[in-house]
Amino acid sequence: APPQMKRIPLEGKKIQHPIGKKLIEFALKKKSNLIASADVITSSELLKLAEEVGDHVVALKLHTDIIKDFSFDLIDKLKVIAKEKEFLLFEDRKFADIGNTQELQFKEGVYKIADWADMVTAHPIAGEESLQVFEHVGVVAIVEMSSKGTLTDDYYITKALNVAENSSNVLGVVAQRQVADELLLFTPGVNLSSKGDTKGQQYNTPERVFKAYHTDFMIVGRGIYQSVNAKESAIEYQTAGWNAYLESLN
Ligand code: 5IU
């Protein structure tokens, strides 16, 4: 493989989006490029996890539609913890429809994501204009997935990156490869002790995603929330991620 260009440190990234700037500010202050994915199904588990990992993450990634007892009381409590511990609320909704429909999914329904989320994920599959509906949040566009057999091939990725780069409310992308420096790169599928699951997930180590992909933020789910001590695991991933990031600067 050709030698990788030297990566740009977080403080050198030319990110225009205010939410992107906030993420970088938190990362440098907390020495963390960790996002915890809180794929738990009750409010009490979610609040407990937020308290335990909050000091060690820059964002908490949520799937609010898997929470059995979802309420805005949960959101209010999460917002208090997020403010105190300095992390963002990242709804992994993976919007993938025409602009009009995703606008309704974003603003209306049970979850009213637009009222509280700092960031959301969206597929750029419906084209640039479909992403314009996500106002006042940072959009993370999914250009490549981590799972075995994903349909996000090189041709799709090139086109998806093009949409992402041309959309002013997109602050970054999800991918399993290095992307242009103008975008923040988010990489899920990270685990220190597992290679994958039985449902197609494929894992890399923090070392690999920071050094080979030059990712900016790694996303860790089961590696943290399924561990015996979520706080200790968060610290372990935070340290492994930050050290790999620092080493990747050289
Ligand atoms: N996620 C992926 N891969 C992807 C995308 C999202 O794993 O390509 I896009 C989500 C799914 C889950 C989290 O919420 O990231 C990873 O969780 P685990 O670390 O438990 O596998």
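Where does UniProt place the feature "active site" in this chain? The unreviewed entry puts it at Asp92, Lys94 and Asp97; UniProt positions are given in the numbering used here, feature names are shortened, and annotations may be inferred rather than shown by experiment. The model is a predicted one, so to speak of a local feature takes a pLDDT of at least 70, side-chain atom pairs count only at pLDDT 80 or more, and totals for chains, interfaces and linings use all residues. Residue numbers start from 1 along each chain as its sequence is written.

First, the overall picture. The chain has eight helices and eight strands, where helices (H or I, at least four residues) and strands (E, at least two) are DSSP runs, numbered from the N terminus. Along the principal axes, the C-alpha atoms fill a box of roughly 50 × 45 × 35 Å. Of the 250 residues, 43% are buried. Here a residue is buried if 20 or more other C-beta atoms lie within 10 Å of its own, exposed if 12 or fewer, and partly exposed in between, with C-beta atoms placed from the backbone. Among contacts between residues at least 6 apart in sequence, 68% join residues at least 24 apart; a contact means that the C-beta atoms of two residues, placed from the backbone, lie within 7 Å.

UniProt's unreviewed entry also places the feature "domain: Orotidine 5'-phosphate decarboxylase" at residues 33-237. That span is 31% helix and 19% strand, and its end C-alpha atoms lie 9 Å apart.

Back to the annotated positions. Aspartate 92 sits in strand β3, residues 88-95, and counts as buried because it has 23 C-beta neighbours inside 10 Å. Leaving out residues up to four places away in sequence, aspartate 92 touches Lys61, Leu62, His63 and Thr121. Lysine 94 is found in strand β3 too, but with 14 C-beta neighbours inside 10 Å it counts as partly exposed. Beyond its neighbours within four places in sequence, lysine 94 is in contact with Thr121, Ala122, His123 and Ile142. Its backbone deserves a look: phi of lysine 94 is near 50°, a positive value in a residue other than glycine. Histidine 214 is another such case, with phi near 55°. Histidine 214 belongs to the loop between α6 (206-211) and β8, and its 21 C-beta neighbours inside 10 Å make it buried.

What about the ligand? It is surrounded by 16 residues, and the closest are Met145, Ser146, Pro188, Gly221 and Arg222; a residue is near a molecule if its C-beta atom, placed from the backbone, lies within 6 Å of it. β8 (217-220) and α7 (222-225) each supply at least two residues of this shell. By type, the shell divides into six nonpolar, seven polar and three charged residues, with Ala, Val, Leu, Ile, Met, Phe, Trp, Tyr, Cys and Pro taken as nonpolar, Asp, Glu, Lys and Arg as charged, and the others, Gly among them, as polar.

Helix α2 (residues 43-53) has Leu46, Leu49, Ala50 and Val53 buried. These residues are on the same side of α2, because they cover an arc of only 100° around the axis, the arc being that of the directions from the helix axis to the C-beta atoms. Their cover includes β1 (34-38), β2 (59-62), α3 (72-85), α7 and α8 (230-248). Alanine 38, in strand β1, ties in here: apart from residues up to four places away in sequence, alanine 38 touches Leu46, Leu49, Leu60, Lys61, Leu62 and Tyr225. With 27 C-beta neighbours inside 10 Å, alanine 38 counts as buried.

Finally, two long-range pairs. Threonine 101 and alanine 244 are 143 residues apart in sequence and 40 Å apart in space, C-alpha to C-alpha. Threonine 101 lies in helix α4, residues 99-107, and is partly exposed, with 14 C-beta neighbours inside 10 Å.
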